[in-house]
Amino acid sequence: MRISFVILHYNTYEDTIRCVESILILAQKTFEDVSIVVVDNGSPNGTGDLLKGKYGRSEKIDVLLIKDNIGFARGNNVGFVFANKKYH
């Protein structure tokens, strides 16, 4: 079974990295197939681009950059739709 996590990111690079890394550690112990979708919700400080650079080559992690902050629910919905389409 594939499990997809959606992380909504806004400006807090270190917190998002800690979240991603904790999911990866947990996944090694419990899940067979995990994907992570990080949605940068229009961060004005460039941290979305930093995350894209850090995880851009990963097969399990996708970073989506949204130009404007579209709010919590809509940002999560973007991640869900992407995960559903890509990972079923």
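The face of helix α2 turned away from its buried side carries the exposed residues Asp49 and Gly53. Exposed means over 50% relative accessible area, buried under 20%, and partly exposed in between, with a 1.4 Å probe and protein chains only. The model is predicted, so local features need pLDDT of at least 70 and side-chain atom pairs count only at pLDDT 80 or more, while totals for chains, interfaces and linings use all residues. Residues are numbered from 1 along each chain as its sequence is written, and side-chain values use heavy atoms, with hydrogens and water left out.

Helix α2 spans residues 47-55, and its buried residues are Thr47, Gly48, Leu51 and Tyr55. Seen down the axis of α2, these fall within an arc of 105°, so they line one face of the helix. The arc is that of the directions from the helix axis to the C-beta atoms. An α-helix has 3.6 residues a turn, so residues three or four places apart point the same way. The cover over the buried residues of α2 includes β1 (2-9), α1 (13-30), β2 and β3 (61-66). Helices (H or I, at least four residues) and strands (E, at least two) are DSSP runs, numbered from the N terminus.

Next, the sheet. Three strands form an open sheet in the order β1-β2-β3, with parallel pairing. β1 and β3 stand at the edges with a single partner strand each, so one side of each is left without a neighbour in the sheet. The twist averages 20° from one strand to the next. β1 and β2 pair in the parallel sense over eight bridges; two strands pair if DSSP finds at least two bridges between them. Ser4 stands opposite Ser35 in β2. Helix α3 (residues 72-87) lies across β1, β2 and β3 and runs at about 150° to β1. Axes are lines fitted to C-alpha atoms, for helices over the stretch in contact, and angles run from 0 to 180 degrees between N-to-C directions.

Now the packing. The largest nonpolar core has 13 residues, and those with the most contacts inside it are Ile7, Val20, Ile36, Val38, Leu51, Tyr55 and Ile61. Such a core is a set of buried Ala, Val, Leu, Ile, Met, Phe, Trp, Tyr and Cys residues joined through side-chain atoms within 4.5 Å. α1 gives the most to this core, with five residues. Not counting residues up to four places away in sequence, Ile61 touches Val20, Leu24, Ile36, Val38 and Tyr55; contact means heavy atoms within 4.5 Å. A second, separate core of six residues includes Val37, Val39, Ile66 and Tyr87.

Strand β2 (residues 33-41) also holds Asn41. Asn41 is buried, with a relative accessible area of 3%. A polar contact of 3.1 Å joins the side chains of Asn41 and Asn69. A polar contact is a pair of N or O atoms within 3.5 Å; within protein, one must be able to donate a hydrogen and the other to accept it, and residues adjacent in sequence count only if both atoms are side-chain atoms.

Asn45 sits in the loop between β2 and α2 and is partly exposed, at 42% relative accessible area. A polar atom of the Asn45 side chain lies 3.1 Å from the backbone oxygen of Asn11. Asn11 lies in the loop between β1 and α1. Asn11 has a positive phi of about 70° although it is not a glycine. Most residues other than glycine have a negative phi.
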